Amino acid sequence: MLAALFAITSGFIRAHGLGTELLPGDAYIEFIGSVYLDTTCRVPDVQVLQVINAIKWTLGRLNDDNFINGLKLGLRVNPTCQSVERAIQATHKLIVEMGNNDTINVVGVIGSDFSSESEAISRMLSPLLDQHRLLQVSFSATSASLSNRDLYRNFFRTIPADDIQVQVMHEFLMAARWTMLTVIYINDTYGRGGFRELTERLVGSDICVVGSIAIEPEKYNVTMLEDVVKNKAYKINETSNEPPVSGIIVFGGYKIVEALFLAIQNLENDNRTAHYNRPSVILSEAGTYFDGKFPNVSKGAFVLSPPRRIISEFQTHWMNSLTISQKLKAEVDANPYFKEMFEILMNCQFSNYCRPMTSKELTMHAAPSVYTQYAIQSALLTAFSVKRVHSTACPGGGACDVFKNADMTKRSTFIDVIQNQNIVFDRDFGGLRLQEFQSPLLAVRFEGSSDVRFVPSNLFPEYEVYNHRLDPRCPKSDTPCLIKVASYNKQTSLDQSLFSEIRDYEDNNSVLTWPTIRKSQCPDGYRSDSCLRQRSETSILYHKGDMYIVGLAPVHNTGTTPLKCGKIRQDGLDIVEAIRYGILTGSGLFGGAKIGLILIDDCDDPYIIQEHILTLHRLGVYNDGKYEEIADKILGYVGSLSSDVSTASAKITSRLGLVQISYGSTAPSLSDRDVYPYFLRVPGADDNQAATLLKIVKALGGSIIQIIYGKTIYGEGGRNLIQTLAGKPEYSICIGNEIGVSTNTHPPTIVKSLRKFKEAQIVVCFITWLEMQHIIGYMNQELALNEFLFVASEGWGLSINMTQYRNLQGTITVAIRLWDTDGFESHLKALRPENKENPWIRPYLEMIYNCYFESSFDKSVKPKCNGTENLDEAKGVYIIDSWAPFAERAVSVLLKGAASTLQKVCGTAQFVCPEYYNSTGMLLTELKRQEELMEPQDIVKRRVFDDNGDGTIGYRIYVIDSNGEANKLGTSDSDGFQFPVQKYYTYRPMATITTKCTDGDVCRKCFPQPTSSPCDGKTTLPGGAVAAIVVLAVFACVLLLVLVYIFKRNGCRLSGAFNPRSDGTYLTAIHDEKVHQQGVDENAYALTPRSHDTYLTPIHDGKLHQHSVEGRETPIACTNKNEDYDFLKDQPDAALR
């Protein structure tokens, strides 16, 4: 590359040199920066000229003090005129000059003042060989992209980067309660970077960016900005019904800020737009120079800035250079750019006469720049590097040959010597001691990065927030100035102690004080569909720690769009808080180490949770605009609620070798330890639950039921268990109808199907809260009181407030119960909508109280919340979900087991060592040893898990009374089944329960009746049937003769099966067992498939085979009247009643 550059530009170099020399020296620092305000190179930038003067002044002071033994540092300036192309050209010149000479007098580059130019310069210098890779230091290039050390190997900066600025902006927006805003940014590296960082930082927050406007550099004017404000803020030409936006953030320099304030001012003076409220404005650090300008429209604006230190010694020098004739002449003679600047500012020519500035003119034209101190630090940092390299290369001092020869003293050495060094500005620079860098001593450090770190970090703010307001401290009492109102440090976050200094102003100039300032939010009476669509609901709650529990909880329902979540649920937030509370109360086992939390909103969607888990282990947690790797710090998983999600997640956690403890998944399939070796659960499997439901049915005298089941792993697994158990002798229950339900099911079809088989009055429900919520309102409305009796699994359980569903009284539900501790209840009551630990609290409170908070994007219909809303059960609108204490227990036992395992394999519980992930078997053993109380009144603890990892908690049986309240009625656990039937009849009278069959469809399907009247062992057949039998007999004889003939010719050959089982046939357990006992291939029987919505009971099917009757719906043989079937009476057509 160097050879090509030499050939192209060597002649040009000899003609133009390496820039304008402002300070002679033995070794030179090249300043590459804008110098001028635009690409015409006609109007010098006063702020940049002040910066150049500060660098020249600093180097002169060091030279006067002989800071580098016998070596003076010089300064040359290369203007880029805000052009990346010119920055590239200047760098080309520098590279060619280094390649053309054996000795090099260039020791570093300072610049540029623009991030885009700094990127271009560093991209050219960084790939060079060590001999020519120059140190580059910037004082104002803040783009976060420059932190990429792989691309910008030679680059450093003394000013904090934009990612810190954006973090401060984000925290200030939250503190000021801005939720709806527009962003205007210059379409360059700085503007794009700031906008990108901000939008990434706002992902998942309550802050909505309503439109963004990229402004091309040098291609905008005040009129254009007027249109931007009218269209994006005032929404004057908006065709949709979007609300106006009252807040604007600007990423750009003074020129765009000036144009924006002029545009707002013009709109206020225009009668057609004067009635619109003036927007609030927040400016990035590049827009700080408007101090004291546009007083009518800039009052109340906020500016973010790196710490502002006015270096008094230099400020005196700068002031004297502009206001004292002798000093002015000396500076003009030494610096042609200064001369050009002064002539334009004062509208004079030195060839004639230019008088010095007055103090008023100085304040107006050349106020102190925020970047001056950082330019001085850049010069000091470069000088520090040169001194360290020079002291080694030239022990005797002076500009020795070893120092100048790039092969002997590689230029990359100047980069290496400032790494991992504390550079103290008041100690390391001889006689140059600046008051502003003292008390405390200001030091900086670079640790493998281009970004500066202040040392000690807790003593120095990294960023500050200023308010443009009227104040007695301002130079003019009637003109606003910048007053500091907040500071930021990574150690302490945003310090709000000065917020009382904030002032804002109404359009009529009324003064507003904190916290009653204007807030950029969705106005009352409006709804912002764009914000509601744009806002990405928070999918992960992340609390940093030394080790992590990963929690899974369904905060939102499954969405109608694939991989998208739906509305917020009623039960998910309790589980989230139970997991948080479990960590808060159980973290003391880890020797002071902090247990962090990664809680994933699984939205009850198996695909969503798998995507999140894979991302978590491949990339990490997305936080503050970047991924943080945490895979080697995970103690285990807790979750989820539904069996579908737990199954999907367990497929991954099992392969990762991580323990997963569910607090609510009960599907029997999850008991298979060959498939899910590291899965445990606090509740038991559904096998016992299904048996409990059928025991309740038998206790009520039922022998025929319908099933409503969810089309989920949980629901279908429960349905299968009911099918399997129903045919066993101890139950002898016929399933007359099965109804699969999902959230897409049309509720009227369920009621219609139930009534079609109304003789089966008892309905067993294996359904989750989600599906039940979808259908229960319609069922309550359409079904008559006591029309059906629902016996429901814990999926319905106590999760629904039944007080509004009075027609379903008498419903029996089973539930696995743990108690809510007083501590957890207090924890819930203390939560408030502005809680930063859990972003889901506000929308949850809005849902259950049916109101909106000020940060909402829909204020069109609901009333405003009064501010007293909280999670207090006593208020009657909220009930703690029954699964919450299970989640708390899952966290508790995982923390205990993990702490014990860490202690054994790592020697300490304060961090996760690699051996922990090779000791999952030990962790499982520790977990299965954990014991807890099963009831609050218990004295003796019992194991939480059995040997297979399933929970040991039994079931409680509840009945819903006429008020919709759940009353405990019985239990089903290791102590047995207790269900007081007579007590149940006090809630629903026995007379309202039908347990005997009439002549209905379901009875005929479950218990088919004979086709003729009973006879004393004789059967009378219709004539047509006799004729059919004769024909069949003749056919059978012919077929027999054919088979005999084939046998004689070929021998006897039997095929494997005459009639394979047809699809849809459920071979009953009893029949299947008997054919095996008789040594007959089960495939030899061609059973009739069960009809639609009918399940052929195993008991009936088995008895028919005992009497040589086929298992079809209508037997052709008469039943012996002496056979006791319990359901046949005197009438020949009677079924079970």
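How far is the sulfur of Cys 522 from the closest cysteine sulfur, and which residue holds that closest sulfur? The gap is 7.3 Å, to Cys 531, which is too far for a bond. A disulfide here is a pair of cysteine sulfur atoms within 2.5 Å.

The model is predicted: local features need pLDDT of at least 70, side-chain atom pairs count only at pLDDT 80 or more, and totals for chains, interfaces and linings use all residues. Residues are numbered from 1 along each chain as its sequence is written, and side-chain values use heavy atoms, with hydrogens and water left out.

**View 1. The whole chain.**
The secondary structure comes to 33 helices and 39 strands. Both are DSSP runs, numbered from the N terminus: helices are H or I with at least four residues, strands are E with at least two. The chain has 1137 residues, and 55% of them count as buried. Buried means under 20% relative accessible area, exposed means over 50%, and partly exposed lies in between (1.4 Å probe, protein chains only). The accessible surface is about 48300 Å². Carbon and sulfur atoms hold 50% of that surface. Areas come from the Shrake-Rupley method with a 1.4 Å probe; for residues, only the protein chains shown count as cover. Among contacts (heavy atoms within 4.5 Å) with a separation of 6 or more, 71% join residues 24 or more positions apart.

**View 2. An open sheet of 8 strands.**
The order is β31-β30-β32-β33-β34-β37-β38-β39, with mixed pairing. β31 (734–741) and β39 (976–978) stand at the edges. Each has a single partner strand, so one side of each lacks a neighbour in the sheet. Neighbouring strands are turned by 20 degrees against each other on average, direction ignored. Axes are lines fitted to C-alpha atoms, for helices over the stretch in contact, and angles run from 0 to 180 degrees between N-to-C directions. Two strands pair if DSSP finds at least two bridges between them.

**View 3**
Strand β38 (residues 966–973) and β39 run antiparallel, joined by 3 bridges. Ser 972 stands opposite Phe 977 in β39. Helix α21 (residues 686–699) packs on the sheet. The strands touched by α21 include β30 (704–710), β32 (762–766) and β39. The direction of α21 makes about 170 degrees with that of β32. Helix α22 (residues 713–726) also packs on the sheet, touching β30, β31 and β32. Its direction makes about 160 degrees with that of β30.

**View 4. Nonpolar cores.**
A nonpolar core is a set of buried Ala, Val, Leu, Ile, Met, Phe, Trp, Tyr and Cys residues joined through side-chain atoms within 4.5 Å. The largest has 100 residues. Those touching the most other members include Ile 579, Phe 590, Ile 705 and Tyr 984. Helix α27 (residues 884–906) gives the most to this core, with 12 residues. Another core lies apart from it, with 78 residues, among them Ala 27, Val 46, Ala 54 and Phe 403. Leaving aside neighbours within four places in sequence, Ile 705 is in contact with residues including Leu 694, Val 697, Ile 722, Ile 733 and Val 764.

**View 5. The link of Cys 41 and Cys 81.**
The whole structure holds 9 disulfides. One joins Cys 41 to Cys 81, S to S 1.8 Å. With 120 degrees about the S-S bond, this link is right-handed. Cys 41 lies in the loop between β2 (27–33) and α2 (46–64), and Cys 81 in the loop between β3 (73–79) and α3 (84–100), so the pair ties together parts 40 residues apart in sequence. Cys 41 is partly exposed at 21% relative accessibility. Cys 81 is buried at 2%.

**View 6. Two further disulfides.**
Cys 394 is joined to Cys 400, S to S 1.7 Å. That link is left-handed, with -75 degrees about the S-S bond. Cys 394 is buried, at 4% relative accessibility. Cys 851 and Cys 865 have sulfur atoms 2.0 Å apart. Their torsion is about 95 degrees, so the disulfide is right-handed. Cys 851 and Cys 865 each lie in the loop between α26 (841–849) and α27, so the pair ties together parts 14 residues apart in sequence.

**View 7. Asp 150 in its loop.**
Asp 150 lies between β5 (136–138) and β6 (155–157). It counts as exposed, at 69% relative accessibility. Its C-alpha atom is 9.2 Å from that of Ser 126, 24 residues apart along the chain.
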